[in-house]
Amino acid sequence: MQRNEIMRATLSTIKDRLEKIGIARAIYAGAAAYCYGSKREITDIDILVKCEDLEKAKAALKNLNTEGFDIGCGAEIKTTQGTCLFFLDDKMIERTNWKRLLDVKVPVMSVEDNIVFKAILQRGEDRGKHDVEDIRSMVAHEKIDLEYLAERIGKCHAGKRVNSLLRSD
């Protein structure tokens, strides 16, 4: 099987297993950027769950080869402008969009939440990442709810880190 076929089959199984046990989740990072207009190849798929559900989610996926997938619950992200918070919460879950990824219909983090995540990290090609490039693609292809974006920047304590980048783009 080709890599994309294997990833599609794995994504479908992950979706089914997490739905069966009622785990709320959202695809985010590069795979979400792809769903919102980035045309870069999907190299991995990041899935965010609530921290209280992380162990339950990992147990549900225990006997599954999840190579190329990262199941996490967020993080305190240390930057030169301070520590930013990024965790799946009810508001993010409410705003997920069901999109097709590798021909599997999955919940994808809102474009605004994904922009905040990418803007906090701001990783470049020197690290094998494309955060700013992905932000540009998402903004070019999607309507952005600026009020919600500002709310999420505040919620993540990311104003110092994110606002200067978003103003310059």
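Which residues are linked in a network of salt bridges?

1. **Ground rules.** This is a predicted model, in which local features need pLDDT of at least 70 and side-chain atom pairs count only at pLDDT 80 or more, while totals for chains, interfaces and linings use all residues. Residues are numbered from 1 along each chain as its sequence is written, and side-chain values use heavy atoms, with hydrogens and water left out.

2. **The charged network.** Arg40, Lys118, Arg123, Asp131 and Asp134 are the residues linked by salt bridges into a network. A salt bridge here is a side-chain nitrogen of Lys or Arg within 4 Å of a carboxyl oxygen of Asp or Glu. Over the whole structure, the search finds 13 salt bridges. Side chains of opposite charge can pair when their charged atoms come close.

3. Lys118 is placed in helix H5; helices (H or I, at least four residues) and strands (E, at least two) are DSSP runs, numbered from the N terminus. With a relative accessibility of 3%, Lys118 counts as buried. The cut-offs are under 20% relative accessible area for buried, over 50% for exposed, and partly exposed in between, with a 1.4 Å probe and protein chains only. The Lys118 side chain makes a polar contact of 2.7 Å with the side chain of Asp134. A polar contact is a pair of N or O atoms within 3.5 Å; within protein, one must be able to donate a hydrogen and the other to accept it, and residues adjacent in sequence count only if both atoms are side-chain atoms. Setting aside neighbours within four places in sequence, Lys118 is in contact (heavy atoms within 4.5 Å) with Ala29, Gly30, Arg40, Arg123, Asp131, Asp134, Ile135 and Met138.

4. Lys155 and Asp89 form a salt bridge, with their closest N and O atoms 3.9 Å apart. Lys155 belongs to helix H7 (residues 146-155) and Asp89 to the loop between strand E5 (82-87) and helix H4 (90-94), so this pair ties together parts that are 66 residues apart in sequence. Asp89 is buried, at 17% relative accessible area. A salt bridge also joins the side chains of Lys91 and Glu151 (3.8 Å, N to O). That pair links distant parts of the chain, with Lys91 in helix H4 and Glu151 in helix H7, 60 residues apart. Lys91 is partly exposed at 32% relative accessible area, and Glu151 is partly exposed at 39%.

5. **A salt bridge between exposed residues.** The side chains of Asp103 and Arg100 meet in a salt bridge at 4.0 Å, N to O. Both Asp103 and Arg100 are exposed.

6. **The nonpolar core.** Which residues touch the most other members of the largest nonpolar core? They are Leu11, Ile27, Ile45, Phe86, Leu101 and Ile120, in a core of 55 residues. Helix H5 (residues 111-121) gives the largest share of this core, seven residues. The term means a set of buried Ala, Val, Leu, Ile, Met, Phe, Trp, Tyr and Cys residues joined through side-chain atoms within 4.5 Å. Beyond its neighbours within four places in sequence, Leu11 is in contact with Ile27, Ile45, Phe69, Leu101, Val104 and Val106.

7. **Aromatic pairs.** The structure holds three aromatic pairs. Rings of Phe, Tyr and Trp (its six-membered ring) pair if their centres lie within 6.5 Å; planes under 30 degrees apart count as stacked, over 60 as edge-to-face and the rest as tilted. Tyr28 and Phe86 are stacked, at 6.3 Å centre to centre and 25° between the planes. This pair links distant parts of the chain, Tyr28 in strand E1 (residues 25-28) and Phe86 in strand E5, 58 residues apart. Tyr28 and Phe117 have ring centres 4.9 Å apart and planes at 70°, so they form an edge-to-face pair. Ring pairs link Tyr28, Phe86 and Phe117 into a cluster. Tyr28 is buried at 7% relative accessibility, and Phe86 is buried at 2% relative accessible area.

8. **Charges over rings.** The charged end of Arg95 sits over the ring of Tyr148, 3.7 Å from its centre. Lys39 lies over the face of Tyr34, at 5.8 Å from the ring centre. The criterion is NZ of Lys or CZ of Arg within 6 Å of the ring centre and within 35 degrees of the ring normal.
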